[in-house]
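Student: I'd like to learn how to read a protein model. Can you walk me through one, feature by feature?

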Amino acid sequence: MSIKFGIFVPQGWRMDLVEIDDPVEQYEAMTAVAKLADAGPWDSVWVYDHFHTVPEPTINTTFEAWTVSATLARDTSRVKIGQMVGCNGYRQPSLYAKIASTVDVASHGRLYAGLGAGWYEHEWKAYGYEWADVPERMRAFREAVEIVHRMWTEETPVFQGKHYRIDGAINQPKGAGQRKPDLWLGGGGEKVTLKLVAKYADGCNVGGGDPELITQKLDVLRRHCDEQGTDYDRIAKSTSLHLEPGESIASIRSRVERIAEAGADYVIAYIPRVAYEHEPLLAFAEEVIPQFS
């Protein structure tokens, strides 16, 4: 099985810009990684949709996801640009659809528009968003995905739900080249999220790099696709791969092989310290990616 590869740019969320003091230099360090990926064999660059750092909130830089996506769209020319994943609670879904359509045009059709239900509780509360339990967030997410799909496929969509409503919302342009953006849904919820993937999505992200979990989730997705009459093979099935500091190329190859055997066909890598050291990114591009193309 051939594998496509994406890479997370250093955005600050994982405390990966703290050794650079100037915010402008931080932004340029992030952009430099995107440009290296653009010049190499990577299929995509990715950002997180968060406002506070992990593993705990600190007074450090975290650049906003959609602003970053828009600027990277103009700083690169070839790679796709994605969010893993956009938090549904942070933007009303019709606005999300409009933002994504605009960025897709700005990138000349290179957007992977990511969307998920959200999970970072303290961040929601700190920014003034109303926090709800998992079932309620999932019900809102289900409505949001349908609204986004309608905003991208209908001229004047109407929707009335418990959480959201639209009434003849005009979204022009819907995307680049008279087509909708690619929608990627993140999360492994078997009853809601994976069913939504089967019905609406072009890609998904599951398993967190764990081969056993990837297999489990993709088996569920396949069943949902069969029930929906969806072509399972049409959906990009991604997972994240977090490299360890100093991890050998042999170890990385072995991990990717197990991921591929589990059924994933897309790997999104996080490389620690890539803002300061480009060699691991270049070595991955030269010694890992060609082995799976």
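This is a predicted model: local features need pLDDT of at least 70, side-chain atom pairs count only at pLDDT 80 or more; totals for chains, interfaces and linings use all residues.

Student: Where does Thr 53 sit, and is Thr 53 buried or exposed?

Tutor: Look in the loop between strand 2 (44–47) and helix 2 (65–75). Buried means under 20% relative accessible area. Thr 53 has 0% relative accessibility, so it counts as buried. Setting aside neighbours within four places in sequence, its contacts include Gly 12, Trp 13, Met 15 and Tyr 120.

Student: Now a helix. How many Å should helix 5 span?

Tutor: Count 1.5 Å a residue: the 20 residues of helix 5 (residues 134–153) should span 28 Å, and the end C-alpha atoms are 29 Å apart, which agrees.

Student: Which residues of helix 5 are buried?

Tutor: First the general idea: an α-helix has 3.6 residues a turn, so residues three or four places apart point the same way. In helix 5, the buried residues include Ala 140, Phe 141, Ala 144, Val 145, Ile 147, Val 148, Met 151 and Trp 152.

Student: What about the nonpolar core? Which residues have the most contacts inside the largest one?

Tutor: Think of a core as buried nonpolar residues joined through their side chains. The largest has 82 residues, and Phe 5, Trp 42, Val 45, Tyr 96, Leu 185 and Phe 284 have the most contacts inside it. Helix 5 gives the most to this core, with 9 residues. There's a second, separate core of 14 residues, with Tyr 48 and Tyr 270 among them.

Student: And aromatic rings, how many pairs are there?

Tutor: The count comes to 20 aromatic pairs. Take Phe 5 and Phe 284: their ring centres are 5.6 Å apart and their planes are at 75°, so the pair is edge-to-face. Phe 5 lies in strand 1 (residues 4–8) and Phe 284 in helix 9 (residues 279–287), so the pair ties together parts 279 residues apart in sequence. Both Phe 5 and Phe 284 are buried. Elsewhere, Phe 51, Tyr 90, Trp 124, Tyr 127, Tyr 129 and Trp 131 form one aromatic cluster.

Note on methods:
Residues are numbered from 1 along each chain as its sequence is written. Side-chain values use heavy atoms; hydrogens and water are left out. Helices (H or I, at least four residues) and strands (E, at least two) are DSSP runs, numbered from the N terminus. The expected span of a helix is 1.5 Å times one less than its number of residues. Buried means under 20% relative accessible area, exposed over 50%, partly exposed in between (1.4 Å probe, protein chains only). A nonpolar core is a set of buried Ala, Val, Leu, Ile, Met, Phe, Trp, Tyr and Cys residues joined through side-chain atoms within 4.5 Å. Rings of Phe, Tyr and Trp (its six-membered ring) pair if their centres lie within 6.5 Å; planes under 30 degrees apart count as stacked, over 60 as edge-to-face and the rest as tilted. Contact means heavy atoms within 4.5 Å.
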